[in-house]
Amino acid sequence: MQSRKFFSEELNRLRQDILAVAIRVEENIGRALTALRTRNPELAAQVRTSDAEIDALQYKIEDDAAILIATQQPVARDLREMVTIFKLTGSIERIGDHAAHLAKAAKKLSKKGDSPFMAQERLEKMAHTGRIMLRAAISAYMTQDSQAAREAAGMDNMIDSEHKQLTENILKVMKKNPDLVKTAFQIINTSNQLERLGDHITNICEAVIYMIEGKHEDLNE
């Protein structure tokens, strides 16, 4: 009984650590989004610094989870959650990397209206949706709600749609203005990063469903 109490307490601590690192990543997406809007280099630098701290937190959570598995030998539902923790931390770390890329790109990309690509609004929508999506996915984990995880994953369709429309528009402009290839490449690369950000959040949702229902469900359609 004492061992079970210890495991529950440690598991709850890991959940809170995951929530904390996810909040840090969400804040970084917000900073990167503001940097994109304002071309603020200080905000971009803050995101890059915070990303290194997020990496350290990821390693700590994974080390603690590994020790808990080794010492407590969880089974069934508890073991699935421990496996899910590793999936969550890996995906959250990658989402943080994409936020850092957006912050870096923010210094290079033009403001809305400054280039013929008119990309700023779509990039902002993608980042904003990603931020809401991450919050919903982590909430689904914390509340152990598989249906909420499916609903969070559904928001990825909005990111994919913006990415597709932005890419199509850029290709059209490039045909008429081949001298803008370098700028076009930067924008497409940033859009690709945001599209993958959505995919990683969807992976979180899939992991939550596996944890709760014990089945693998492909939500990346």
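Predicted model: local features only at pLDDT ≥ 70, side-chain atom pairs only at ≥ 80, totals over all residues.
Let me begin with a pair of helices: α6 passes α7 in a left-handed crossing, meaning that the near helix is turned anticlockwise from the far one by less than a right angle. Helices here are DSSP runs of H or I with at least four residues, numbered from the N terminus.

The contact involves Asp156, Ile159, Asp160, His163, Leu166, Ile170 and Met174 of α6, and on α7 residues including Val181, Ala184, Ile187, Gly198 and Thr202; contact means heavy atoms within 4.5 Å. By class, nine nonpolar, five polar and four charged residues form the contact of α6 with α7.

Helix α6 covers residues 156-176 and helix α7 residues 181-213; they pack at an angle of about 165°, with their axes 10 Å apart. α6 and α7 are therefore roughly antiparallel to each other, a term for angles over 145 degrees.

Residues are numbered from 1 along each chain as its sequence is written, and side-chain values use heavy atoms, with hydrogens and water left out.

Turning to the whole chain, there are seven helices and zero strands. The C-alpha atoms fill a box of roughly 70 × 35 × 20 Å along the principal axes. Of the 221 residues, 46% are buried, that is, under 20% relative accessible area with a 1.4 Å probe, protein chains only.

The largest nonpolar core has 61 residues, and Met82, Ile85, Ile92, Ile95, Leu134 and Ile204 touch the most other members. A nonpolar core is a set of buried Ala, Val, Leu, Ile, Met, Phe, Trp, Tyr and Cys residues joined through side-chain atoms within 4.5 Å. Isoleucine 95 touches Val25, Ile29, Leu134, Leu197, His200, Ile201 and Ile204, leaving out residues up to four places away in sequence.

Two further residues deserve mention. Methionine 133 lies in helix α4 and is buried, with a relative accessible area of 0%. Residues up to four places away aside, methionine 133 touches Ala152, Ala153, Met155, Asp156, Ile159, Gly198, Ile201 and Thr202.

Serine 91, in helix α3, is also buried, at a relative accessible area of 7%. Beyond its neighbours within four places in sequence, serine 91 is in contact with His200, Asn203 and Ile204.

Notes
Axes fitted to C-alpha atoms, helices over the stretch in contact; angles between N-to-C directions. Helix = DSSP H or I, 4+ residues; strand = E, 2+ residues; numbered from the N terminus. Parallel < 35°, antiparallel > 145°, perpendicular 65-115°, else oblique. Nonpolar A, V, L, I, M, F, W, Y, C, P; charged D, E, K, R; others polar. Buried < 20%, exposed > 50% of the residue type's maximum accessible area, 1.4 Å probe, protein only.
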